[in-house]
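Hello! Please read them with the structure open beside you.

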Amino acid sequence: DFMTRKTLLLLGLILILSAFMRFYNLYSFGYFTGDEEIFHSMVRKVTVDKRPPLVIPNAQIGGSMGSFFVLLISPLFALANNDPLAVQVIGSVFGLATTLAIFWVGSLTAGQRMGFLAGVLYGGSFMVALFDRRLWTLTLDPLMITLSIGALIKIIQKKYQYSLLLAMAVS
């Protein structure tokens, strides 16, 4: 019922818009910040020097995920051959996944029109797309928060199998 032909068409249009905003001129609009420089140097130690970090420098966000995120992302960096521009593609793919999750949560809360509107607003926003091109500690936050909200809505509807999704998104 959720995935009717019309829904799939709308979802496809949203994902095309989101992909265009995130991948158009990917390398021209790319930028590299100081936080990413520190993060990339830590990942490089794992992928090139084969030395996993036990402690990483504290980011400007008031806290740190420790070395977990560095170890989690290291295989992706190895696949990208530690190329910072190729890593931007990974961040943009997470942005596409977030657009899909926002469509899902919008549809859960107020119907498919709301899902479409929320997906278009998120997927078509230039500033959101620009920030999605980065891969650093906070890149997964919008996706995890959106999945948490969707899982909570489903759990309230007594669909307890979404508890695992909530646990994964929160942790």
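**Notes on helices, cavity, rings and loops**

1. Let me start with α5, where G115, A118, G119, Y122 and G123 are buried (buried is under 20% relative accessible area, exposed is over 50%, and partly exposed lies in between, with a 1.4 Å probe and protein chains only). Viewed down the axis of α5, these buried residues fall within an arc of 115 degrees, so they line one face of the helix; the arc is taken from the directions from the helix axis to the C-beta atoms. The face turned away from the buried side of α5 carries R113 and L121, which are exposed.

2. A word on what we are looking at: this is a predicted model, in which local features need pLDDT of at least 70 and side-chain atom pairs count only at pLDDT 80 or more, while totals for chains, interfaces and linings use all residues. Residues are numbered from 1 along each chain as its sequence is written, and side-chain values use heavy atoms, with hydrogens and water left out.

3. The expected span is 1.5 Å times one less than the number of residues. Helices here are DSSP runs (H or I, at least four residues), numbered from the N terminus.

4. Helix α2 can be read in the same way. With 14 residues, α2 reaches 20 Å from its first C-alpha to its last, close to the 20 Å expected at 1.5 Å a residue. Its buried residues are E36, F39, H40, M42, V43, V46 and T47. These cover an arc of only 160 degrees around the axis, which puts them on the same side of α2.

5. Now the cavity. The structure holds 1 cavity of 30 Å³ or more, and the largest cavity has a volume of about 40 Å³. A cavity here is a set of points, on a 1 Å grid over the protein atoms alone, where a 1.4 Å probe fits but cannot get out; lining residues have an atom within 4 Å of a point. The volume is the space filled by probe spheres set on the points, which are joined across faces, edges and corners.

6. Which residues line the largest cavity? They are Y31, F32, E36, H40, P84, V87, Q88, R133 and L135. The elements that give two or more residues to this lining are α2 (34-47) and α4, and α4 gives the most, with 3 residues. By class, the lining has 5 nonpolar, 2 polar and 2 charged residues.

7. For the rings, the count is 3 aromatic pairs. One to look at is W104 with Y162: the ring centres are 6.2 Å apart and the planes are at 25 degrees, so the pair is stacked. (Rings of Phe, Tyr and Trp, the last by its six-membered ring, pair if their centres lie within 6.5 Å; planes under 30 degrees apart count as stacked, over 60 as edge-to-face and the rest as tilted.) This pair links distant parts of the chain, 58 residues apart, with W104 in helix α4 (residues 84-110) and Y162 in the loop between α7 (141-156) and α8 (163-170). W104 is buried at 18% relative accessibility, whereas Y162 is partly exposed at 24%.

8. Finally, two backbone angles. N25 is not a glycine, yet has a positive phi of about 50 degrees; N25 sits in the loop between α1 (5-23) and α2 and is partly exposed at 34%. K158, also not a glycine, has a positive phi of about 65 degrees. K158 lies in the loop between α7 and α8 and is exposed at 59%.

Conventions. On a 1 Å grid over the protein atoms alone, a cavity is a set of points where a 1.4 Å probe fits but cannot get out, and a pocket is an open set with protein on both sides within 12 Å along at least five of seven lines; lining residues have an atom within 4 Å of a point. Ala, Val, Leu, Ile, Met, Phe, Trp, Tyr, Cys and Pro count as nonpolar, Asp, Glu, Lys and Arg as charged, and the others, Gly among them, as polar.
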